Amino acid sequence: MTPPAGLEELRAGGFLASDDAVADVHERLGVPGSGDHARVLHARVAGGLSLDVLPARGLDVGDAHVAGLPLSWRAAASDARALDRPRGDDWASRFLGGLITTCGPANTGPPRDGHGLHGDHHHTPARHVRTTPARGAARVVVSGDVERADLFGPSLRTERTVTTGFDAAGRPRVVVHDRVVNTGPVPSPVAVLFHVNLGAPLVLPGTTVTTGAAEVLPREPCPQVPEPLRLPPVCDELVEAVAEHRGVPADATGTARAVVTSPHGFTVEVAWSAASLPRVYQWVVPTRGRWALAVEPSTAPLFGPDRSGEHAGAPVLLPGEHRDHVVAVTVLSLPENGGRP
């Protein structure tokens, strides 16, 4: 897959009257199909991805399409407005889905120590949001800061950059690069998990997940998902399956990868910085009408004995320190049948 031939050259040569023919960002209010009237930045790169960046949701990536096909999974949330401070399991009731949902930074996984399920990044508005002019280049860059500060507690700032365009091989790609900075006076644990949510027509019965992991450990048995590495038939029970991929290899650049391939050849790669995101989980909902798959690189354990330790196994930043997290989603190939089941 390659971008449309010479779009940047066509613009540079004067054959396209506007930079927007190559890449653009349009601002609107509201998430389609919901009661959420928050600000949305819709980014489009010609021949590449079309996606929403959500300032009201920590600059997470919402709906994403490639070649007119849905790439991301959308949750069945009737009320999509962000919460002031998610408590207990509130997070799940306002989970939008979308391509990349960020969990943390105070907690990932079940509620713990007064922190709700998956923390509050996904419900925190970004500040200093800006877009970098493409000026005829086949890319869109959106950046901003997500602050989490308590007067008598830790303070973390996530400096996020979302870049969508093409990789060196000309394949559509979006990259999220976070720098998490401890801006407060006390050490702070950093529990972050990237919920990369994928749906049909990429995710179908028979779709495979390949990571090269040394072992894949289910959180608990789920008869409806007997093989985590292969999506099962649709079922009518409301269930979920979670598994950890341990020992996923990294390449010479320190990047680990999961490749998701549909029975019709639709193939997507999820890649992440292995050193800063040393764990990866897989979430499957095989239920009819809720059907979903997520690949989830993480700084900290979601389950198991490591979660019972100090800070639930999350790394700790001292005042003034920072760490970088990178997650990329690349479309390697489109379906041979045009996306039909």
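Predicted model: local features only at pLDDT ≥ 70, side-chain atom pairs only at ≥ 80, totals over all residues.
Local features need pLDDT of at least 70 and side-chain atom pairs count only at pLDDT 80 or more, while totals for chains, interfaces and linings use all residues. Residues are numbered from 1 along each chain as its sequence is written, and side-chain values use heavy atoms, with hydrogens and water left out.

**View 1. Arg 112 and its polar contacts.** Arg 112 sits in the loop between strand E6 (100-103) and strand E7 (127-132); strands are DSSP runs of at least two residues, numbered from the N terminus. Its side chain reaches the backbone oxygen of Ala 106 at 3.2 Å and makes a polar contact with the side chain of Asn 107 at 3.4 Å. A polar contact is a pair of N or O atoms within 3.5 Å; within protein, one must be able to donate a hydrogen and the other to accept it, and residues adjacent in sequence count only if both atoms are side-chain atoms.

**View 2. Residues touching Arg 112.** Leaving out residues up to four places away in sequence, Arg 112 touches Ala 106, Asn 107, Arg 307, His 311 and Ala 312 (contact: heavy atoms within 4.5 Å).

**View 3. The largest cavity.** The whole structure holds 4 cavities of 30 Å³ or more, and the largest has about 40 Å³ of space. A cavity is a set of points on a 1 Å grid over the protein atoms alone where a 1.4 Å probe fits but cannot get out; lining residues have an atom within 4 Å of a point. Strand E8 (140-149) and strand E9 (155-166) each give two or more residues to the lining of the largest cavity, with E8 supplying the largest share, 3 residues.

Methods
Helix = DSSP H or I, 4+ residues; strand = E, 2+ residues; numbered from the N terminus. 1 Å grid on protein atoms, 1.4 Å probe; cavity = no way out; pocket = protein on both sides within 12 Å on 5 of 7 lines; lining within 4 Å. Points joined across faces, edges and corners; volume = space filled by probe spheres on them.
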